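Hi there,

Here is the structure I promised to pass along. Have a look at it first, and then read on for my notes.

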Amino acid sequence: MKPGTRRLRLAFVVSHPIQYYVPLYRRLARQDDLSIKVFFTWHAAQDSVLDHGFNIPVAWDIPLTEGYEFEAVSNVSSNPGTHHFFGLNNPLLMERIKSWQPDIVHITGWAWLSHLRAMRECYRSKIPTFFRGDSHLLDEPCHGYRWRLKHLVLKRVFSWPSGFLVVGRQNRTYYRAFGVRADRLFQCPHSIDVGRFAEPAEEFERQAARWRQQLGIGNERCVLLFAGKFEEKKRPLALMRAVLASGNRSLCVIMVGNGELEREVSEIASAYPELFRVLPFQNQSRMPVVYRLGDLFVLPSGYGETWGLAVNEAMACGRPVLVSDRVGCAVDLVDASCGRTIECNNQSALARALAEMTADRKRLADMGRCAAVRAWSFDITKTEEALLVAVDSVVGPLARQSLRSNGPLPSPAGEEGVLTDAVVAADPESSRGMWS
């Protein structure tokens with residue numbers, strides 16, 4: 001950067017340090033012509049926080065607040081968290097953002113009070129804004145009263161951002177359904193730090209082999225892996241029942257996680273100890289080994305799954321994947337070279353796919369190698385490159401001039417309360433949170 005040149009200032013608004021995004025913040029913070037600051041609206045990596053999906057306190061064991069500037073904005077919610085709309089309530093958020101004087105604001109998620117307010121206030125203040133989410137239309141019918149109300153509300157809300165960061169094809173379809181013009185959509189893939197999972201591959205494989213041996217799983221067994229929250233939307237019980245129905249005793253299923261279905265998972269595993277192993281929640285530093293415990297990663301999710309970043313992680317570890325068509329990443333990440341997609345809630349299709357994919361171990365290994373290569377297309381470096389292109393498009397000299405002369409008009413007084421009520425009525429599932 002030339003001496004005296006002002007760095008462009010990019011602010012992020014996000015609930016808490018998310019392990020998938022922190023590598024992006026660190027990379028951006030190293031850009032010599034860019035300053036970033038992250039505003040957290042829930043917490044800033046406390047020792048442990050109750051995860052409502054895992055149903056246990058969770059504290060990630062990798063550093064999440066190093067290498068970039070951040071601020072935890074005071075949250076006055078009586079029940080803080082991302083599990084409901086009013087869980088993020090930060091009256092001072094916009095004051096803190098404006099005091100930093102950003103050139104553009106990146107907001108993750110609309111389904112919380114503070115984030116909705118920030119989107120509206122940035123619009124009224126003519127501060128360029130990017131919106132990022134991973135919603136899709138796979139779960140809901142595009143008709144009926146609730147859909148019409150949601151369409152009305154989100155068409156208004158989605159008129160505020162300057163641009164949208166599109167994580168994949170299903171996400172693009174979602175925005176288009178709410179009237180967002182194509183020229184406001186910027187491809188910016190949902191990604192992970194692939195290198196952290198990919199290397200050192202040989203050492204990770206050795207550790208996984210030792211672990212399998214300790215679990216009493218012989219090399220002749222074909223291992224299926226489920227890793228995630230034991231909750232209804234991820235359908236862990238469907239996987240276990242499909243294996244039981246198959247009658248294939250050469251299979252072994254490792255179930256890794258905790259959650260509301262933990263008792264049911266444990267009961268089935270205890271009844272069939274030759275088929276199942278159950279491991280508790282494993283922290284981030286251990287996951288590159290966890291994924292390598294299996295020969296095939298399975299995510300048979302139903303209603304409520306958004307992208308499914310565990311699929312990215314499993315592929316980065318060189319494992320093929322079997323996912324349902326409700327998993328948002330399926331159309332972008334999964335093809336016949338590296339996995340298979342099945343119809344959601346079709347138990348026979350799940351059982352058939354398992355039988356076909358595990359019948360040829362050599363073919364399964366070949367698919368894993370293809371998955372490892374494909375994973376690099378969704379590395380965090382790709383997201384960084386795409387985001388910088390989008391920023392340049394929106395806040396370049398011509399864009400800034402256009403925003404000054406043709407900026408949006410202020411919203412009518414009293415709109416916030418009406419929108420808040422309408423958002424909750426239109427989408428009660430917004431209380432699920434986003435980053436599961």
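Below is what I found, going from the whole chain down to single residues.

Please keep in mind that this is a predicted model, so every value here is computed from it.

**The chain as a whole**

The protein chain has 436 residues, and 57% of them count as buried. Its secondary structure comprises 17 helices and 15 strands. If you take the contacts with a separation of 6 or more, 74% are between residues 24 or more positions apart in the chain.

**Cysteines**

A disulfide is a covalent bond between the sulfur atoms of two cysteines. For a pair to count here, the two sulfur atoms have to be within 2.5 Å. C252 is in no disulfide, and the nearest cysteine sulfur, which belongs to C222, lies 9.9 Å away. C252 is also buried, its relative accessible area being 0%.

**N171 in helix α5**

Is this asparagine, N171, buried or exposed? N171 has a relative accessibility of 2%, so it counts as buried. You will find N171 in helix α5, which covers residues 169–177. Its side chain reaches back to V167, where it meets the backbone nitrogen at 3.1 Å. Setting aside neighbours within four places in sequence, the contacts of N171 are G133, D134, S135, L165 and V166.

**Helix α13**

Helix α13 is worth a moment on screen too. It runs over residues 347–358, twelve in number, and spans 17 Å from its first C-alpha to its last. That is close to the 16 Å expected at 1.5 Å a residue. Which residues of α13 are buried? They are A349, L350, A353, L354, M357 and T358. Looking down the axis of α13, you would see these buried residues fall within an arc of 140 degrees, so they line one face of the helix.

Happy to go through any of this with you at the screen.

Best wishes

Terms used:
Residues are numbered from 1 along each chain as its sequence is written. This is a predicted model: local features need pLDDT of at least 70, side-chain atom pairs count only at pLDDT 80 or more; totals for chains, interfaces and linings use all residues. Side-chain values use heavy atoms; hydrogens and water are left out. Buried means under 20% relative accessible area, exposed over 50%, partly exposed in between (1.4 Å probe, protein chains only). Helices (H or I, at least four residues) and strands (E, at least two) are DSSP runs, numbered from the N terminus. Contact means heavy atoms within 4.5 Å. A polar contact is a pair of N or O atoms within 3.5 Å; within protein, one must be able to donate a hydrogen and the other to accept it, and residues adjacent in sequence count only if both atoms are side-chain atoms. The expected span of a helix is 1.5 Å times one less than its number of residues. The arc is that of the directions from the helix axis to the C-beta atoms.
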